[in-house]
Structure formats: C-alpha cells, structure tokens
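Thanks for coming, everyone. I'll take charged pairs first, then nonpolar groups. Here is the model.

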Amino acid sequence: MAALTVVLLLAAGLAGGYFWMGRPEPVHAPELVRAAPATVAPAGRAGPEVREEAGPLPAVAPVPSAPPASSGAKVVVDVGGKVLRPGVLTLPAGARVADALRAAGGVRSGADLTGINRARVLSDGEQVLVDVPGVQVGGPGPGGGGGAGGAGGGGTPGTPVSLNTATVEQLDTLPGVGPVLAQHIIDHRTEHGGFRSVSELREVSGIGERRFADLEPLVRP
C-alpha cells in the first residue's frame with residue numbers, strides 16, 4: 001500500500017506539472033506602426049532617394065577654354081608715295097592707315113589724300129600708297145592701299161615714268177622711292193649712260209626684288 005501511494009503521488013505530481021506548463025498565457029497585441037510621410041524634394045533639386053533611383057549622374061567632360069589672344073601681335077606694311085619716310089614698317093596689330101602714315105613721318109605738303117581711308121584697319125603685308133601717279137585707289141594688298149592719281153614724269157595718269165628723263169621729284173612719286181633712292185637712280189643713270197631696260201633698275205643700290213616688282217609696271221627706260 002505504501003508503494004502504491006508513492007506511485008500515485010508521483011503520477012499526480014507529474015500530471016500537475018504538465019497541466020501547469022500547458023496553461024494558456026496572455027498575449028499582448030502588437031503595436032501599430034505608422035508609415036513615415038514621403039518627403040518631396042523641392043523643385044529643381046533632387047534628393048538622395050531620387051539620385052539612387054536614377055543612378056549615378058554621367059561625368060561631364062570639361063569644356064576647353066578659348067586660347068588667350070596673342071599679345072604683342074604685329075603687322076608689317078609698306079608705306080610709299082608722298083610720305084616723309086617711305087619704307088617697310090612694323091606696327092601693332094589693329095593699327096590703322098593713319099597710324100602707318102604717322103609712322104612714316106607724315107604726308108608731304110600738298111599730297112592728295114583723296115580716296116585714302118585713314119580709319120581702315122591695316123592687314124599684314126599690305127601696301128599704302130599716297131598720291132602715286134598711275135596707281136588707282138584700292139584696298140589692302142600690294143599695289144593698292146590708296147594712292148590718288150596725279151600727273152608725273154610729264155605724262156597723264158597711268159603713263160609709266162621714264163627712267164632716262166625723269167627728275168628726282170618725278171621719281172620721288174613712285175611707291176617706295178624717296179628722295180635718297182631717287183637720287184641713286186639718277187646717279188646710276190649718269191654713271192652707266194642711261195637705262196637700256198627696266199630690269200637694270202635692280203642694279204640700283206636700295207632696290208630689292210620686292211621693290212622692283214612694285215616699280216616694274218610703273219616705269220619705262
């Protein structure tokens with residue numbers, strides 16, 4: 001009986017333990033989580049979320065800057081005719097015909113400036129002629145540049161000047177020929193008994209190939 005009583009007590013204890021462990025327990029309801037309001041990025045400015053959806057922005061190549069304007073640029077012009085110091089002059093880029101005439105010492109008294117645009121900007125390599133007979137008024141370039149026609153060498157405008165009969169004053173009206181070079185032509189004519197052809201003008205001191213090319217159509221023996 002004692003043993004049976006012990007077995008019953010153990011069985012009752014085990015049954016009570018199972019009953020206690022299997023009892024229902026109160027469960028708390030989950031808290032309500034509210035969604036955060038969506039943030040709208042201001043117009044013209046994308047937020048982080050927009051950049052993530054659109055992906056990384058493409059790289060923009062830098063725009064090369066324009067090269068700086070060359071400082072100290074020069075133009076070379078040939079000033080001839082009735083100026084005090086005819087010859088090849090080097091002037092700053094952007095200089096005008098009036099600047100070239102001043103650099104050549106100015107025009108001579110009585111020189112005709114009709115048709116010469118003194119406000120025109122000079123271009124490199126052009127020729128400016130003042131009151132040269134037989135040279136029509138023109139634009140930039142060799143043989144142009146604005147010489148006003150006039151009689152010279154005893155002929156009408158456009159008549160070549162005679163190298164064998166022209167005076168110093170008449171030779172002085174030719175492009176690039178000043179009083180000194182005109183006297184050299186007279187001296188060469190006296191020393192060699194005159195000019196038999198225009199090509200002999202190359203033998204005169206101070207006349208190079210470029211100046212001869214300018215004078216060739218304007219003179220005759």
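Which residue forms a salt bridge with Arg202? Glu209 does, and the closest N and O atoms are 3.3 Å apart. By salt bridge I mean a side-chain nitrogen of Lys or Arg within 4 Å of a carboxyl oxygen of Asp or Glu.

Some ground rules. This is a predicted model, where local features need pLDDT of at least 70, side-chain atom pairs count only at pLDDT 80 or more, and totals for chains, interfaces and linings use all residues. Residues are numbered from 1 along each chain as its sequence is written, and side-chain values use heavy atoms, with hydrogens and water left out.

Back to that pair. Arg202 is partly exposed, at 40% relative accessibility. Glu209 is exposed, at 55%. The cut-offs: buried is under 20% relative accessible area, exposed is over 50%, and partly exposed is in between, with a 1.4 Å probe and protein chains only.

The structure has six salt bridges. Another one joins the side chains of Arg108 and Asp172, at 1.9 Å, N to O. This pair links distant parts of the chain, 64 residues apart. Arg108 sits in the loop between α3 (97-103) and β3 (127-130), and Asp172 is in helix α4 (residues 168-172). Helices here are DSSP runs of H or I, at least four residues; strands are runs of E, at least two; numbering goes from the N terminus. Buried or exposed? Arg108 is buried at 18%, and Asp172 is buried at 7%.

One more of these: Arg120 with Glu126, closest N and O atoms 3.0 Å apart. Both Arg120 and Glu126 are buried.

Now the nonpolar side. In soluble globular proteins, nonpolar side chains tend to be buried together. A nonpolar core, for us, is a set of buried Ala, Val, Leu, Ile, Met, Phe, Trp, Tyr and Cys residues joined through side-chain atoms within 4.5 Å. The largest one has 19 residues. Which touch the most other members? Leu171, Leu174, Ile185, Leu201 and Ile207. The largest share, four residues, comes from α5.

Look at Ile185. Leaving out residues up to four places away in sequence, Ile185 touches Leu163, Leu171, Phe195, Leu201, Val204 and Ile207. Contact means heavy atoms within 4.5 Å. There is also a second, separate core, of 16 residues, with Val79, Ala100, Ala104 and Val128 among them.
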